[in-house]
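Please look over the sequence and the structure below before reading on. The paragraphs that follow lead from the overall order of elements to a few places in the chain.

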Amino acid sequence: MNLDKELNNWKKEQIDKVLYEAQVVSPLIWAYYNKAVSERGIPISFKDHKYLIQPWSDLSPKQVYMKSAQMGVSVMMIFKTMWLAKFRKMNIIYTLPTVEDVRVFVPSKVNPIIQNNHKMAIWVKDKDAVETKKVSGSFIFYRGTFTQKEAIMLSSDLNAYDEVDRSDM
(Lines give C-alpha, C1' and ligand atoms only; values in the text may rest on other atoms or scores of the structure.)
Protein backbone atom coordinates (compact mmCIF):
# COMPACT_ATOMS: atom_id res chain seq x y z
CA MET A 1 0.00 0.00 0.00
CA ASN A 2 1.34 3.40 -0.96
CA LEU A 3 0.75 5.83 1.92
CA ASP A 4 0.88 8.93 -0.28
CA LYS A 5 -1.74 7.48 -2.60
CA GLU A 6 -3.94 6.53 0.37
CA LEU A 7 -3.68 10.03 1.91
CA ASN A 8 -4.61 11.66 -1.40
CA ASN A 9 -7.93 9.80 -1.28
CA TRP A 10 -8.79 11.18 2.14
CA LYS A 11 -11.27 14.00 2.37
CA LYS A 12 -10.34 17.20 4.15
CA GLU A 13 -12.82 16.36 6.92
CA GLN A 14 -11.07 13.02 7.53
CA ILE A 15 -7.65 14.69 7.75
CA ASP A 16 -8.98 17.38 10.08
CA LYS A 17 -10.52 14.72 12.31
CA VAL A 18 -7.25 12.77 12.53
CA LEU A 19 -5.28 15.92 13.33
CA TYR A 20 -7.81 17.00 15.93
CA GLU A 21 -7.74 13.57 17.57
CA ALA A 22 -3.94 13.55 17.55
CA GLN A 23 -3.73 16.86 19.43
CA VAL A 24 -5.60 15.40 22.41
CA VAL A 25 -2.94 12.69 22.75
CA SER A 26 0.00 14.92 23.64
CA PRO A 27 0.72 18.52 24.62
CA LEU A 28 3.57 18.44 22.07
CA ILE A 29 1.19 17.59 19.23
CA TRP A 30 -1.31 20.18 20.48
CA ALA A 31 1.37 22.90 20.54
CA TYR A 32 2.60 21.98 17.06
CA TYR A 33 -0.89 21.65 15.54
CA ASN A 34 -2.10 24.94 17.04
CA LYS A 35 1.10 26.87 16.28
CA ALA A 36 1.59 27.70 19.96
CA VAL A 37 3.52 30.81 20.94
CA SER A 38 5.32 31.83 24.11
CA GLU A 39 4.48 34.66 26.48
CA ARG A 40 6.48 36.97 24.20
CA GLY A 41 4.62 35.88 21.08
CA ILE A 42 7.53 33.76 19.80
CA PRO A 43 6.46 30.50 18.11
CA ILE A 44 7.22 27.40 20.18
CA SER A 45 9.99 25.69 18.27
CA PHE A 46 12.16 22.71 19.04
CA LYS A 47 14.79 23.54 16.43
CA ASP A 48 17.23 24.85 19.05
CA HIS A 49 15.57 23.00 21.94
CA LYS A 50 15.48 19.37 20.81
CA TYR A 51 16.05 18.30 24.41
CA LEU A 52 12.48 19.50 25.19
CA ILE A 53 10.71 17.20 22.72
CA GLN A 54 10.66 14.24 25.11
CA PRO A 55 9.62 16.24 28.21
CA TRP A 56 6.78 17.92 26.26
CA SER A 57 5.44 14.44 25.42
CA ASP A 58 6.07 12.90 28.83
CA LEU A 59 2.87 12.38 30.82
CA SER A 60 4.47 10.32 33.59
CA PRO A 61 2.98 11.07 37.00
CA LYS A 62 6.35 11.99 38.53
CA GLN A 63 8.81 14.16 36.64
CA VAL A 64 11.89 16.03 37.85
CA TYR A 65 13.97 18.47 35.82
CA MET A 66 17.36 19.54 37.14
CA LYS A 67 18.44 22.32 34.85
CA SER A 68 19.94 25.75 34.55
CA ALA A 69 17.79 28.88 34.31
CA GLN A 70 15.93 29.94 31.16
CA MET A 71 15.71 26.49 29.55
CA GLY A 72 12.00 26.72 28.65
CA VAL A 73 10.73 24.29 31.28
CA SER A 74 8.38 26.75 33.01
CA VAL A 75 6.79 27.65 29.66
CA MET A 76 6.49 23.93 28.87
CA MET A 77 4.86 23.29 32.25
CA ILE A 78 2.33 26.09 31.68
CA PHE A 79 1.33 24.47 28.38
CA LYS A 80 1.31 20.96 29.86
CA THR A 81 -0.79 21.90 32.88
CA MET A 82 -3.28 23.79 30.70
CA TRP A 83 -3.43 20.81 28.32
CA LEU A 84 -3.87 18.32 31.17
CA ALA A 85 -6.64 20.41 32.71
CA LYS A 86 -8.44 20.63 29.37
CA PHE A 87 -7.99 17.16 27.87
CA ARG A 88 -7.44 14.98 30.95
CA LYS A 89 -9.87 16.93 33.14
CA MET A 90 -7.29 17.29 35.93
CA ASN A 91 -7.36 19.75 38.80
CA ILE A 92 -3.80 20.98 39.30
CA ILE A 93 -1.86 22.80 41.99
CA TYR A 94 1.09 24.69 40.49
CA THR A 95 3.48 25.90 43.17
CA LEU A 96 6.18 28.53 43.26
CA PRO A 97 8.31 29.44 46.28
CA THR A 98 6.20 32.38 47.49
CA VAL A 99 2.84 34.04 46.92
CA GLU A 100 4.80 37.05 45.64
CA ASP A 101 6.40 34.78 43.01
CA VAL A 102 2.89 33.66 41.98
CA ARG A 103 1.81 37.29 41.65
CA VAL A 104 4.73 37.95 39.29
CA PHE A 105 4.72 34.63 37.40
CA VAL A 106 1.03 34.41 36.49
CA PRO A 107 0.65 37.95 35.03
CA SER A 108 4.04 37.88 33.26
CA LYS A 109 4.07 34.30 31.92
CA VAL A 110 0.79 32.43 32.31
CA ASN A 111 -1.62 35.20 31.29
CA PRO A 112 0.34 36.24 28.17
CA ILE A 113 0.57 32.60 27.06
CA ILE A 114 -3.20 32.29 27.42
CA GLN A 115 -3.78 35.58 25.57
CA ASN A 116 -1.31 34.70 22.78
CA ASN A 117 -2.87 31.28 22.14
CA HIS A 118 -6.45 31.71 20.97
CA LYS A 119 -7.54 28.13 21.79
CA MET A 120 -6.31 28.49 25.39
CA ALA A 121 -8.09 31.82 25.73
CA ILE A 122 -11.32 30.01 24.84
CA TRP A 123 -10.62 27.35 27.49
CA VAL A 124 -10.05 29.94 30.26
CA LYS A 125 -13.09 32.15 30.52
CA ASP A 126 -15.26 31.64 33.60
CA LYS A 127 -12.62 32.02 36.31
CA ASP A 128 -9.48 33.90 35.40
CA ALA A 129 -7.66 35.25 38.43
CA VAL A 130 -4.01 35.41 39.42
CA GLU A 131 -4.22 32.41 41.74
CA THR A 132 -6.91 30.36 39.96
CA LYS A 133 -7.62 29.50 36.33
CA LYS A 134 -10.71 27.56 35.33
CA VAL A 135 -9.78 25.53 32.27
CA SER A 136 -13.00 24.16 30.82
CA GLY A 137 -14.34 22.23 33.83
CA SER A 138 -11.03 21.89 35.68
CA PHE A 139 -8.98 24.23 37.83
CA ILE A 140 -5.33 25.20 38.06
CA PHE A 141 -4.44 26.72 41.43
CA TYR A 142 -1.22 28.76 41.61
CA ARG A 143 0.18 28.81 45.14
CA GLY A 144 3.27 29.74 47.09
CA THR A 145 4.85 27.02 49.22
CA PHE A 146 5.69 29.19 52.21
CA THR A 147 2.01 29.29 53.19
CA GLN A 148 0.42 25.88 53.67
CA LYS A 149 -3.06 27.01 54.76
CA GLU A 150 -4.44 27.61 51.29
CA ALA A 151 -3.18 24.39 49.72
CA ILE A 152 -4.60 22.11 52.43
CA MET A 153 -8.21 22.73 51.40
CA LEU A 154 -7.58 22.06 47.70
CA SER A 155 -7.84 18.67 46.06
CA SER A 156 -5.73 17.98 43.01
CA ASP A 157 -5.00 15.27 40.49
CA LEU A 158 -1.54 16.67 39.81
CA ASN A 159 0.91 18.90 41.62
CA ALA A 160 3.54 20.83 39.64
CA TYR A 161 6.36 22.25 41.75
CA ASP A 162 8.35 25.02 40.04
CA GLU A 163 11.66 26.22 41.49
CA VAL A 164 11.68 23.61 44.24
CA ASP A 165 15.23 24.57 45.23
CA ARG A 166 13.85 27.93 46.46
CA SER A 167 10.64 26.48 47.93
CA ASP A 168 9.68 25.53 51.46
CA MET A 169 9.07 21.88 50.59
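**A walk through the chain**

Counted from the N terminus, the elements follow the order α-α-α-α-α-β-α-α-β-β-β-α-β, and together they come to eight helices and five strands, where helices (H or I, at least four residues) and strands (E, at least two) are DSSP runs numbered from the N terminus. This is a predicted model, in which local features need pLDDT of at least 70 and side-chain atom pairs count only at pLDDT 80 or more, while totals for chains, interfaces and linings use all residues. Residues are numbered from 1 along each chain as its sequence is written, and side-chain values use heavy atoms, with hydrogens and water left out. Of the 169 residues in the chain, 40% are buried, a word that here means under 20% relative accessible area, with exposed meaning over 50% and partly exposed in between (1.4 Å probe, protein chains only).

Helix α6 covers residues 99–116, and its end C-alpha atoms are 25 Å apart, which agrees with the 26 Å that its 18 residues should span at 1.5 Å a residue (the expected span is 1.5 Å times one less than the number of residues). The helix α6 bends by about 45 degrees at Val106, with a proline, Pro107, following within four residues; the bend is the angle between axes fitted to the seven residues ending at a residue and the seven starting there. Among the buried residues of α6 are Val102, Phe105 and Val106.

A search of the whole structure finds four salt bridges, each being a side-chain nitrogen of Lys or Arg within 4 Å of a carboxyl oxygen of Asp or Glu. One of them joins Glu39 and Lys109 at 2.9 Å, N to O. Glu39 lies in the loop between α3 (27–33) and α4 (53–57) and Lys109 in helix α6, so the pair ties together parts that are 70 residues apart in sequence. Another salt bridge links Glu21 with Lys17, the closest N and O atoms being 3.7 Å apart, and both residues lie in helix α2, four residues apart, about one turn of the helix.

Salt bridges that share partners join Arg103, Glu131 and Arg143 into one network, and both Glu131 and Arg143 are buried. Strand β4 (residues 138–144) runs antiparallel to β3, and four bridges join the two, strands being paired if DSSP finds at least two bridges between them. In the hairpin of β3 and β4, with two residues between the strands, Ser136 takes a positive phi near 55 degrees.
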